[in-house]
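Look at the structure first, then read on.

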Amino acid sequence: MNTAILPAQRKLIPDAVLGMLFLVSAEIMFFSGLISAYIINRSGVVDWPPLNQPRLPILMTGINTFVLALSGVFMALAVKKSAGAPRSAENWLKASALLGLTFLLVQGTEWSNMLAAGMHTNSSVFGAFFYTIIGAHGVHVVAGLLMLIYALIKNRMEPVGQNPNRLVAISVYWYFVVAVWPVLYVLVYFN
Amino acid sequence: METPHSTTHAPQGFWTKYLFSTDHKTIGIQYMITGLFMAAVGGFLAYVFRYNLAFPGESIPLFGQLDAMHYNAFVTNHGMIMVLFVGMPFLVSGLGNLLIPLMIGTDDMAFPTLNMMSFWIFLVSCLVMVAAFFVPGGAFGGGWTLYPPLSASGYVNRNPAFWSTFFSATPMFILGVALEFVSMLMGGINFLVTTINKRAEGMTPFKIPLIVWFLNIATLDFMVSVGPLVAGAVMLLLDNVVGTGFYDPARGGDPVLFQHLFWFFGHPEVYVLLLPALGVMGEIIPVFSRKPLFAYRTIIYLSLIAAVLSVVVWAHHQFIAGIDPRMATFFSIGTIIISIPFAGVFLSFMATLWGGSIRFTMPMIWALGFIGLFLIGGLTGLYLGSSTFDIYAHDTYFVVAHFHYTMFPVVFFGFFSAVYFWFPKFTGKHLNHTLGMIHFWLTFIPFNVTFFVLFFNGLAGQHRRVNEYSSFSNIMKEPYITFEKISTIGAIVLMVSQFIFLYNLFISLRKGRKAEKNPWDSNTLEWQADSPPVHGNFNPYPVVYHGPYEYSHPSSEQDFVPQDNPIVLKTN
């Protein structure tokens, strides 16, 4: 039976955070692929968006962008408070998740409006790119929200307070979800 | 995670020990065994279509008649299975899991549960690939590169009744590959975090063995390049399932776009497989030359340069896709430049051999075979890298011969070198030397017989992805008809002789000579653990004092100095 004790290692970045950073960098490349495909396709078309397709709701989505950004700020506050004041951190986390959910709901309402106005995935390449890029981001928001809920549940189960690395790792993912959105917003909505 | 912990909890039951294990050694072996099964599948597909090429229209033993649709499906799946479901589990997931924690002197991966999940997702992806043969309409047959519009239109092997579900050829093919990527991503994150955070005390970056470096560079290359392909595959899936028109020119889409996204991944993927194989050579050659690896740091710098270059040469696969000639020039030059760092790595291996006291053990023979064969593959790559020649040779058997001369040595010679080298470590038994030698010669010679003749057929203009050549008068004459038959007979001998390897594995596991801790007198840390290593690997955990290649050092009595040996080496 092996009874050796693994010596403690000095780590510049904790395991969980480092792993999440690598995941996020792969995700950035995924969105880069989508964005470059979109830009290349757009550059070859004269009328963009196509004339028979509805315009995108710039104002409403702009407000929604601020909602998501605020959610990122709340997440940063939760991480900051998690060391000293776990109760307060939990509240910030809840607020952050709530804003993320709001973002998702507003986007969903927009989608149903666009669909009603006659923009479908197969009505034009523009529609296809719109639903694919925005949908891909939406899936990432859902994944981020699930992580937030996981963090909240874990926090309940561990009364001593959040494992700081877990929360930081989740926050890295959430910052990515928040930060990639304005890029997509500008590229897709402003033509 | 940060606190020291004891590794006393070795799993006891059969299920937790051999199936749902989180031990990196078990997972590595699981990957390799799954890879062997997939190699059998991919090999059988190759046997069937090679037989059809040599003896068109005849009934194939063990299979029967092969029609054109199935021919396409078999060629397509042979390609994808051999690259992603054999090469990746052998060289990246398999070797990475087995070696990284041991060679950097730690107990396990950074995220053992994630590691176990990555294997099970990989297994599911393999099952999806195999299951695709049995859905209505058969497996996907649009070429392993999935080029639209063929793959996007639903034209290929799709049963109309199933068109809107996932259970048809193209979606299942994409799903299988996507799951493999998820698995690789999880494994890759594990490799990188483990190597960065869990190294033994004293294991500074330039004391890390070459293969660990190369596995990590390969993983980084994979993670940088896979995102755009996933994006492209999502769009292809939507074209198939939802009916979008991303790749449909009639609806404003662009089929060449997919080629760019595919090869942005597809080209670095070559180096994702090549680098671990080169890493295996970097471990084996110094041990059996009893000399330090020549220019260890330079090799690492060169491979970093190659990894960066590898993501900007992809369009050399598309010289005839109608890309701008100015762009073709850029990609031609990039492709030829990328051979410089790899030439440097190869010359370093040659220089390591130079003047060494070479021991012709089984792993060394395989390593030397790898170098000889890969050289032919690499040199023909230089011709193809130039767009002027490529436009003539594109999609001919010259290309097929070229990439089999690169991929076969990488995947199989790399794998066999590694197995013959590390088998004593992970099983505690030696492999049979005579059987190993027979296996080598019955792989090396038939391989050359199979693929060397294809260079000539390719230069004569034989186009790939054609199941029957009776209307091609330039091919339907001697010697090309005979060359087809020679190639097929070589391939059959090559496949049958692999049973020698399997027999050797079984007989050696049962009756093999017992292996001591360090049978090859090697320096790296895995040889300082027990054979086979216990759960937790080391007792006590090692402290590293030396680089991995201190062989025949003048101030040491032994001709090797294990990395955890505290003696002081005088440099003069």
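A crossing of two helices is left-handed if the near helix is turned anticlockwise from the far one by less than a right angle, and right-handed if clockwise. Keep that in mind for what follows. The model is predicted.

**Chain A as a whole**

Chain A holds five helices and zero strands. From the N terminus on, its elements run α-α-α-α-α. The C-alpha trace spans about 70 × 35 × 25 Å along its principal axes. Chain A has 191 residues, and 36% of them count as buried. Take the contacts in chain A with a separation of 6 or more: 81% of them join residues 24 or more positions apart.

**Two helix pairs**

α1(A) passes α4(A) in a left-handed crossing. α4(A) passes α5(A) in a left-handed crossing too. The table gives the geometry.

| Pair | Axes come within | Crossing angle |
|---|---|---|
| α1(A) and α4(A) | 11 Å | roughly 160° |
| α4(A) and α5(A) | 10 Å | roughly 160° |

How do α1(A) and α4(A) run relative to each other, roughly parallel or roughly antiparallel? Their axes cross at roughly 160°. Angles over 145 degrees count as roughly antiparallel. Therefore α1(A) and α4(A) are roughly antiparallel to each other.

Which residues make this contact? From α1(A) come A:L34, A:Y38 and A:N41. From α4(A) come A:V125, A:F129, A:T132, A:I133 and A:A136. By class, the residues of this contact are six nonpolar, two polar and no charged.

Now the second pair. The axes of α4(A) and α5(A), residues 164-189, also cross at roughly 160°. That makes α4(A) roughly antiparallel to α5(A). On the α4(A) side, the contact includes A:F130, A:I133, A:H137, A:G144 and A:K154. On the α5(A) side, A:R166, A:Y173, A:W174, A:W181 and A:V188 are among the residues that take part. The residues of this contact divide into 16 nonpolar, three polar and two charged.

**Where chain A meets chain B**

The contact between the chains takes 35 residues from chain A and 50 residues from chain B. On the chain A side, the elements that give two or more residues are α1 (15-43) and α4 (125-157). Which element gives the most? α1(A) does, with 16 residues. By class, the side of chain A that touches chain B has 19 nonpolar, 13 polar and three charged residues.

Key. Residues are numbered from 1 along each chain as its sequence is written. Chains are lettered from A and ligands numbered from 1 in the order in which they are written. This is a predicted model: local features need pLDDT of at least 70, side-chain atom pairs count only at pLDDT 80 or more; totals for chains, interfaces and linings use all residues. Two residues are in contact if their C-beta atoms, placed from the backbone, lie within 7 Å. Helices (H or I, at least four residues) and strands (E, at least two) are DSSP runs, numbered from the N terminus. Ala, Val, Leu, Ile, Met, Phe, Trp, Tyr, Cys and Pro count as nonpolar, Asp, Glu, Lys and Arg as charged, and the others, Gly among them, as polar. A residue is buried if 20 or more other C-beta atoms lie within 10 Å of its own, exposed if 12 or fewer, and partly exposed in between; C-beta atoms are placed from the backbone. Axes are lines fitted to C-alpha atoms, for helices over the stretch in contact, and angles run from 0 to 180 degrees between N-to-C directions. Angles under 35 degrees count as roughly parallel, over 145 as roughly antiparallel, 65 to 115 as roughly perpendicular and the rest as oblique.
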